[in-house]
Amino acid sequence: MDVRGRTVVITGASRGLGAGVAHAMHAAGMRVAVCARTTPALPEGERVLARQLDVADAEAVARLAEAAGERFGAIDLWINNAGVLGPIAPLRSVSAEAFDEHVRINLHGVFHGTRAFVHHVRQREGEGVLLNISSGAARRPYHGWSAYCASKAAVDRLTECVALEERAAGLRAHAVAPGVIDTDMQAMIRASTAENFAEVERFRARKREGRFATAEHVAQGLLALAFDPKARADEVIVTLPEPPASTPGSAR
Ligand SMILES: NC(=O)c1ccc[n+]([C@@H]2O[C@H](COP(=O)([O-])OP(=O)(O)OC[C@H]3O[C@@H](n4cnc5c(N)ncnc54)[C@H](OP(=O)(O)O)[C@@H]3O)[C@@H](O)[C@H]2O)c1
């Protein structure tokens with residue numbers, strides 16, 4: 001699949017999955033706009049636009065879309081990847097402030113990116129693909145992850161709504177559970193206690209066995225979903241296939 005010259009925006013690309021996907025898509029010849037609160041993994045360059053911003057800041061996200069459009073023209077693919085997992089604890093111990101902060105990033109951040117991209121697609125000719133990074137935790141409860149499960153379930157439903165609303169305007173939207181990738185987020189899971197997260201041992205065992213998807217594998221899955229007619233899914237809610245034998249290794 002030739003994706004050279006296509007443009008992608010990736011939020012949350014300073015480390016972890018977003019950074020790995022940004023590297024892979026840039027290496028495939030795409031023009032890439034990346035952002036994070038700290039320094040994005042790709043430096044500014046001929047095919048790279050890099051911005052430091054908080055996805056909870058609606059105006060900053062709208063400016064990112066504008067800048068990417070001005071620099072590269074039509075944005076073909078927008079990936080709302082930025083996200084946090086914590087607080088990890090039973091809901092009774094989660095403060096209102098921590099819950100607010102979580103939702104500000106995981107839900108409002110996805111809303112801001114989605115809205116900016118919808119407006120971009122409506123201002124130009126041609127199809128746009130929106131991939132909102134969700135999680136298996138959107139689709140079943142985890143003891144100790146009430147904020148994360150709730151925000152990712154909301155991302156799934158938000159994506160289904162926008163898919164309905166914008167299909168006729170040329171936007172295809174999916175909420176994608178990417179699999180398990182060994183990032184800082186996974187390290188945070190393994191560092192929690194059984195009191196705060198009942199399934200912690202299962203995640204520690206996965207680390208011992210090295211059962212992870214790589215960011216490269218996820219990037220190929222996202223590209224196929226976006227651009228390969230044979231891999232297109234009719235469903236809005238998607239789970240990426242696991243690698244044939246989950247590969248030891250970590251995302252950047
Ligand atoms: N790892 C997994 O196994 C897994 C499984 C299912 C779903 N996911 C989802 O995949 C996505 C990436 O996760 P990850 O594992 O790569 O996590 P990670 O290693 O913690 O990286 C998160 C990324 O998001 C950025 N970010 C966080 N808050 C932000 C904000 N307010 N504004 C802008 N950027 C922000 C971080 O950069 P800064 O801190 O520099 O802002 C970082 O680049 C998340 O949506 C996560 O829920 C991950």
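**A tour from helix pair to sheet**

The crossing of helices α2 and α3 is right-handed. This is a predicted model. To see the crossing, select α2, residues 58–72, and then α3, residues 96–122. Two packed helices are described by the angle between their axes and the distance between the axes. For α2 and α3 the angle is about 35° and the axes lie 9 Å apart. Now show the side chains where the two helices meet. On α2, pick A58, V61, A62, A65 and G69; their partners on α3 are H112, G113, A116, F117 and H120.

**The whole chain**

Zoom out and colour by secondary structure. There are seven helices and seven strands in the chain. Starting at the N terminus, the elements follow the order β-α-β-β-α-β-α-β-α-β-α-α-α-β. The C-alpha atoms fill a box of roughly 50 × 40 × 35 Å along the principal axes. A compact globule of 252 residues would have a radius of gyration near 18 Å, and the 17 Å of this chain agrees with that. Of these 252 residues, 42% count as buried.

**The sheet**

Hide the helices and select the strands. Seven strands form an open sheet with parallel pairing, in the order β3-β2-β1-β4-β5-β6-β7. At the edges are β3 (48–52) and β7 (237–239), each of which pairs on one side only. From one strand to the next, the twist averages 20°.

Strand β2, residues 31–36, runs parallel to β3 and is joined to it by five bridges. Select V34 and look across to A50 in β3, which stands opposite.

Next, select β4, residues 77–80. Is this strand covered on one face or on both? Both faces are covered: L77 and I79 on one side, and W78 and N80 on the other, are all buried. On to its neighbours: β1, residues 7–11, pairs with β4 in the parallel sense over three bridges, and I10 stands opposite I79. Strand β5, residues 128–133, is parallel to β4 and joined to it by four bridges; here N80 stands opposite N132. To get from β4 to β5 the chain passes through α3, and this β-α-β crossover is right-handed.

**Helices across the sheet**

Bring the helices back. Select α1, residues 16–27, which lies across β1, β2, β3 and β4 and runs at about 165° to β1. Last, select α7, residues 215–227: this helix lies across β4, β5, β6 (171–177) and β7, at about 145° to β5.

Methods. Residues numbered from 1 in each chain as written. Predicted model: local features only at pLDDT ≥ 70, side-chain atom pairs only at ≥ 80, totals over all residues. Buried ≥ 20, exposed ≤ 12 C-beta atoms within 10 Å, placed from the backbone. Pairing = 2+ DSSP bridges. Right-handed = clockwise from strand over helix to strand, strands pointing away. Rg over C-alpha atoms; globule rule 2.2 N^0.38 Å. Axes fitted to C-alpha atoms, helices over the stretch in contact; angles between N-to-C directions. Left-handed = near helix turned anticlockwise from the far one by under 90°. Contact = placed C-beta atoms within 7 Å.
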